[in-house]
Amino acid sequence: MNISNAEASEFVPILHRSSFIYFIAGVIGFVFYAFIICTYTRIPSISAQHPAANIIIWHTGCGLMLMASFISYFLTENVIDAVPILTPLRDSLCQYFGPWNQFFLLGSTLWYLMLAVDLLLALFNPWIGYSCKAWTYHIIAWGISTLTAAWMVVTKNVGLSTCNMCWIRKTSTPEQVNLAHWMFLFGPVILTWLFLFFVLIFATIRFAQRQLDVTYRAKRRSLLQYYRYLLLYGAHWAACGSIYYEDYHDWFGHYRNQRRLLITLVIVFASYPILLSIVWVVNTDLIQHCTKDNTLPKADKGREAFANTDHFSAALRKDLMRYTTTGIRCSLRGDSVDTVSRSSRLLEHDLESRPLISPLASTSPDLYHEKKRVAATIYNVEYRFYEKLGFTDYAPRIFQSIRELSGIRHDLYEQSFADTLLERASEGKSGMLFYFTTDRKYLVKTMTKMEHKFLLKILPVYHQYIMKQPKSLLCRFLGCHSMQLPVGWNTMFFVVMENVMAGGKVHERYDLKGIVSAAFKNKDYVRQHPSIEARSQLSPALSIEFSQILSRTSSDVQLGRDQELLSRHVALNVNASIRANFSRQIISDCGFLQRLGIMDYSCLLGIRHYSKPLRETEMNDLPRNALISVDYRSVYYVGFIDILQYYNSGWKCQRAILSLLIDPTEITALPPAEYALRFLQFIHDHLLNDVYASTPQQSYGSFANCEHE
């Protein structure tokens, strides 16, 4: 575009006024964006009151960095004007600020898209925790933003855009469509808004027909929060689009309406963070949080919010946890329970009338492929019709046999599922959720379809092994089920397992895989395990640490890994008899897993310390997987978990890639034989030792007098 000298002289003050306008908008926006982030970091209970609060914070962070760009550009421009020697740099300012603005403009839009995707995933599979999806969201948002910013630099398409912003360069004629603007901002903005709109309509229609007791209010509240963001986002970009259109034509009309457009521009850019802050305050009940948090003790802050308000997917999971317990009880009893009507497709014989399947010869192969389907109709407390629940129980008589072999009474097992399950986030890398029964004897864990198929495939040999090895440390699978999700179209698979630490609270917990880093391998660790008092005398630091360990409650105990176990000099302080029997059992269990091609399993260790020696009656009442220390002051709960990972092509590819980057002995993806060898080596080197091999104390527990077969 050709500009005359008079027009060029008029253009310079206009540009200066634009940068000042952006500076004002930047200061206002920076303050309000910072306010949102500060409230999120200072009031932890907000995350329970707000749907996908983490995603909104990342969107806010993008806006904060964009406002920082406006402020920096104005200040840099003034510095250049004040220092004549820097004047040549004025023309290159947009080369630096343009890609930055593009990165965070598109990034803020993509995080809104992630908000819609998160809601959609919650509808189809609410069991997926945020940590499982977060890395995908980050890759999509930051990856696409980086690519578009890099494209601007490579194609040299950076310059002054419409509205005098350092961004994508405007076209030379008004008739020419700026495809880059539409491809890298306006197009994604429109598609994001439409996608979020249709997802909200879809959610509204589905939940208008499913008003199930108290969770309906939480879901309705979450939908209203999403709608507020949708309306604000649409109104803001509609205003931005109008200003863009007017300013685009005013550029070619010699700036007749420039003053009016600049005033409108500062109102639009400054009003969005203000309105976003207002929506944030309303959605999070921030005023209520601040007043309550000032009057509550520190330990109780945020608990009421967690009790009264649920994230959208958490509200859905509450419904599904009720369906899960209902389906399990219906399958166990063989008749209707509470508000469940029995389906005509239930098996004719009740489970309680079936004989115990203890003898190996009496186990028919057909029992491993048996399916028990339950179709139940659920009503809420106000008797509003909900819908039928499709529930499938796999190999019910086989799992009943495993429960009886584990000494679990049928009526007590059913009673454990009388109340709602307790949700607990996984402390592993998968980010999955576990659901404990209220008595914490059993836990429900979701499974992938592949894990479900693999469990049913190995069930015959697993069942036979448990019958032959009743003292096995392998986790006990007590039931395998599936359920058609009422909120989506997927089938959820889950398994009921015995809690390894069902004996009570523990003071220390460790998840051991036998992986030790090179830094720890080079250190000389004491392979002894004295009493808890002697451990505290190893160093002043350990003395403080162990005094803190003994004062913890079960909910405060953090899950340690292999390196934490080594640094605390933890080992099994047991006598020779228990040590030998325990060693033979873990060798047998690892050999069994190796023959099935299983790897990536862990040894879960829980330690409970007592201030005085245990009495004989107390020791005899301990669970099957408990080991008693030689001084009778500590109990060790041991079990193998995560035993459904088959060494398939995915693990082989992972091993091939990681072996090129790090020491192969430090990776998880090892063939079953190598994994078992490393695992056993770690257990023998660090958990078992010969210090108490000649100790003559009486042995107690399941490994005291067991025979290895």
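Which residue in E9 does Met447 stand opposite? The legends below begin with that pair.

This is a predicted model, in which local features need pLDDT of at least 70 and side-chain atom pairs count only at pLDDT 80 or more, while totals for chains, interfaces and linings use all residues. Residues are numbered from 1 along each chain as its sequence is written, and side-chain values use heavy atoms, leaving out hydrogens and water.

**View 1. Strand E7 beside strand E9.** Met447 stands opposite Phe493 in E9. E7 (residues 442-447) and E9 (residues 491-498) pair in the antiparallel sense over 6 bridges; pairing requires at least two DSSP bridges. Strands (at least two residues) and helices (H or I, at least four) are DSSP runs numbered from the N terminus. Because 6 of the 6 residues of E7 are buried, E7 is largely enclosed by the rest of the structure. Buried means under 20% relative accessible area with a 1.4 Å probe, protein chains only.

**View 2. Helix H22.** The 16 residues of H22 (672-687) should span 22 Å at 1.5 Å a residue, and the end C-alpha atoms are 21 Å apart, which agrees. The expected span is 1.5 Å times one less than the number of residues. Buried residues of H22 include Tyr675, Phe679 and Phe682. Among the elements covering the buried residues of H22 are helix H19 (576-595) and strand E14 (634-641).

**View 3. Phe640 in the largest nonpolar core.** Of the 86 residues in this core, Phe477 and Phe640 touch the most other members. A nonpolar core is a set of buried Ala, Val, Leu, Ile, Met, Phe, Trp, Tyr and Cys residues joined through side-chain atoms within 4.5 Å. Residues that Phe640 touches (heavy atoms within 4.5 Å) include Leu473, Ile586 and Phe679.

Note on methods
Buried < 20%, exposed > 50% of the residue type's maximum accessible area, 1.4 Å probe, protein only. Lists of a residue's contacts leave out its neighbours within four places in sequence.
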